[in-house]
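The following note sets out points for a colleague who is examining this model. Please read each point beside the coordinates.

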Amino acid sequence: MSDVRNNRREAGGSSVITANRLLDGRIVWQVAEGDWSTIIADARIIPNADIEAAIAQAAARQQADGLVGIYGVQVETDATPPVPVTVRERIRAFGPSVHPDFTPVAELEAHA
Amino acid sequence: MPDTIQAPALPVGHYGYDQVDRAFLADRVEQFRDQVARRIAGTLSEDEFKPLRLMNGLYLQLHAYMLRIAIPYGVLDSRQMRELAHIARTYDRDYGHFTTRQNLQFNWIRLEDTPDILARLADVDMHAIQTSGNCIRNVTCDQFAGAAQDELVDPRVHAEILRQWSTLHPEFTFLPRKFKIAISGSPNDRVAARFHDIGLVAKPAPDGGTMFDVFVGGGMGRTPIVGVHLRDDLPEEDLLAYLEAMVRVYNEYGRRDNIYKARIKILVQALGTEGYRAKVDAEFAAMNRARYRLPPETVAAIRARFGTPDLHAPDDAAEQLARARRADPAFDRWVRTNTHPHRAPGHISAVISLKPAGGIPGDATSAQMDIIADLADRHAFGEIRVTHMQNLVLGHVRQDELHALWQALRAADLASANIGLIGDIIACPGLDYCSLANARSIPIAQKLSARFASPELQETIGPIEIKISGCINACGHHHAGHIGILGVDKKGEEFFQLTLGGSPGSDASVGQILGPALPEDATVDAIARLVDAYLVHRTGGERFLDTYRRLGAALFKDAVYATA
Ligand code: HEM
Ligand code: SF4
């Protein structure tokens, strides 16, 4: 994605990788190469120095993995599980603020 | 008389499809089914597929795919509403969102399901064509068309003619930018005609036919502009020829080099009203007018495919309504705020507010959609209208049945008495759903409507339009709000800029920025102080807008920034 908001990255920070699933459009976070989760807490945290290479690697197999729009999201330094630094990405990670019942975690539990 | 009205052969209020229309839609669905299959198989890349899905109203938004369904001139019938409820229940999360462009959006759609959804829509003569892309979009229309006492001409037949003319017009599928037309038949502008690429107002011609006022070059977005008046005497038979000339001039001279300068409003400003008019007149004079002539027979043929309501009310309908109002103050208040005078004796138009206090403006659950469809069958010839204020209207209700309608609406949490008042807020989806957003719109609307929930307080404050957009694209019409709220992004956090003095109506104006943007947690309080300042300074029956226009921004600025 070319959106500048997704490319604000501080040198010393770290990021996670995100995308939308092709089939249903839902948001996922990269757990490991080829492995994605709807829950940001599962995501692997990558130092910003390595993030571009990791994104390129993920993008290379996006059709095989059934994904669109892969990009990196900077997260708060000390937060575990990871919390994105922008409101936009927090809403992507935790669901629309106006529907608390639609958070990815609530969804997972509903289907468990 | 039976208490439910049988659905007539032709739908009341909108055009009834024929076999040709249906075959066309069926083809489009199968074409898209094939495209989706090829995308999933990987033979179409995302870059190749994106324009194809957008042509079918399918966007990829923040959390999922969003499907935007066209509701031509904002009119749908009960059968269509039930199908939308069914789709919400089966394929989405049990609700839909009615928009300022009189369309419906589903926010949680799966790509895989979309061909089936489009097929279901086609079964009830609906689609998602012309809801995206640089084409002539769904034509919007007065929500009280064909019913309002102040209406001179029912504009829906002409809206349908424009729909047919623009649908897949070979020349106009790739305009420099999207193109939005609104049409009204009342001198009281309820369609924001002056904020559209083209705004039309139909009125009777001296010869007994119909003619049009034409506005051009209005718009919101990054460069808000009130449209200019191009002419006031366009004869019906030249409607298509003249619009064709208007759009051709735009197609030829409109800028394609810069997306922010591509709308017709920029061209009209660059050429000046006279310059643009001269080019249109030259094109009009040179074109094959016979080819685009709209003869009365064609208009009559289209009109014949509209069902007409059989408006008969008991002689004492008005008296029955008056009695019910005296007996029930809450009903009386709702009638004051949520109805509009009807042209036929014993009838009235009822507005169903989709703005409950603390709720999400424009959202309706599938259960509510089903209830509204049933009520439309029972009380309004099965016809439902969507308003650009994100509410619904039952156009033709008998006055003696209005109390029963209100009771049923109240039981479904659909009877908020707030139309035109501070609780009747337009809000775009904003950052909760929209991938272009800077800030959330809906929570601000929710906090405001909860804060001003009291119907007494709302009536005391009087008519006031608050409109909220999550970014400068202005889908929430903030430029035309008496109070406009625009979400801006400062280093990843949400801020809100206030504009005052906008108006969408016959007195159209663009709101002016009041001062620096406010943090999210200060915005609602600031607006409450602004409203207080108005209550202190208003005189007589002034609306908020009148007080602002009389006194200017200074006192409101003091109120907002005093403690901020
Ligand atoms: C959530 C997905 C949406 C996206 C991606 C989107 C995108 C846009 C964009 C890019 C523009 C600016 C176009 C321009 O100035 O050339 C725009 C304008 C507009 N949109 Fe949306 N929009 C969305 C939802 C909505 C909704 C829900 C509504 C109705 C509530 C709406 C109604 C409008 C209106 C009225 C305008 C202003 C037209 C003008 O500039 O004159 N949009 N939209
Ligand atoms: S105004 Fe901006 S945030 Fe709101 S729906 Fe339109 S594009 Fe999205």
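Buried area is the accessible area (1.4 Å probe) that two parts lose on being put together, summed over both. This is a predicted model, in which local features need pLDDT of at least 70, side-chain atom pairs count only at pLDDT 80 or more, and totals for chains, interfaces and linings use all residues. Residues are numbered from 1 along each chain as its sequence is written, chains are lettered from A and ligands numbered from 1 in the order in which they are written, and side-chain values use heavy atoms, with hydrogens and water left out.

1. The interface between the chains. Chain A and chain B bury about 2500 Å² between them, and carbon and sulfur atoms give 56% of this area. In terms of contact (heavy atoms within 4.5 Å), 27 residues of chain A meet 36 residues of chain B.

2. Polar links between the chains. Between chain A and chain B there are 10 residue pairs in polar contact, both residues being at pLDDT 80 or more. A polar contact is a pair of N or O atoms within 3.5 Å; within protein, one must be able to donate a hydrogen and the other to accept it, and residues adjacent in sequence count only if both atoms are side-chain atoms. One salt bridge is counted between chain A and chain B, the term denoting a side-chain nitrogen of Lys or Arg within 4 Å of a carboxyl oxygen of Asp or Glu. Glu493(B) and Arg90(A) form a salt bridge, with their closest N and O atoms 3.3 Å apart.

3. The chain A side. Strand E1 (14-21) and helix H3 (87-94) of chain A each supply at least two residues of the side that touches chain B. Helices (H or I, at least four residues) and strands (E, at least two) are DSSP runs, numbered from the N terminus. H3(A) gives the most to this side of chain A, with five residues. By class, the side of chain A that touches chain B has 10 nonpolar, seven polar and 10 charged residues. Here Ala, Val, Leu, Ile, Met, Phe, Trp, Tyr, Cys and Pro count as nonpolar, Asp, Glu, Lys and Arg as charged, and the others, Gly among them, as polar.

4. Arg440(B). This residue lies in the loop between strand E16 (426-427) and helix H14 (442-451) of chain B. Arg440(B) counts as buried because its relative accessibility is 16%; buried means under 20% relative accessible area, exposed over 50%, and partly exposed in between (1.4 Å probe, protein chains only). The side chains of Arg440(B) and Ser97(A) make a polar contact of 2.8 Å. Beyond its neighbours within four places in sequence, Arg440(B) is in contact with residues including Ile91(A), Leu431(B), Glu494(B) and Phe496(B).

5. Domains of chain B. The assignment divides chain B into domain 1 (19-123), domain 2 (140-303), domain 3 (317-411) and domain 4 (426-561); such bounds come from an automatic or database domain assignment. The C-alpha centres of domain 1 and domain 3 of chain B lie 29 Å apart, and their contact takes 20 residues from domain 1 and 23 residues from domain 3.

6. Which three residues supply 32% of the area that domain 1 of chain B buries against domain 3 of chain B? They are Met81(B), Arg82(B) and Phe98(B), which supply more than any other three residues. Domain 1 and domain 3 of chain B bury about 1800 Å² between them, with 55% of it on carbon and sulfur atoms.

7. Polar links between these domains. Three salt bridges are counted between domain 1 and domain 3 of chain B. Arg82(B) forms a salt bridge with Asp374(B), the closest N and O atoms being 2.8 Å apart. Across the interface of domain 1 and domain 3 of chain B there are 14 residue pairs in polar contact (both at pLDDT 80 or more). Strand E3 (75-77), H3 and E4 of chain B are the elements that give two or more residues to the domain 1 side. H3(B) gives the most to that side, with seven residues.

8. Backbone angles to inspect. Most residues other than glycine have a negative phi. Asp94(B), not a glycine, has a positive phi of about 75°, and lies in the loop between helix H3 (78-91) and strand E4 (95-98) of chain B. Asp125(B), also not a glycine, has a positive phi of about 60° and is placed in the loop between helix H4 (114-123) and strand E6 (140-141) of chain B. Asp94(B) counts as partly exposed at 38% relative accessibility, whereas Asp125(B) is buried at 9%.
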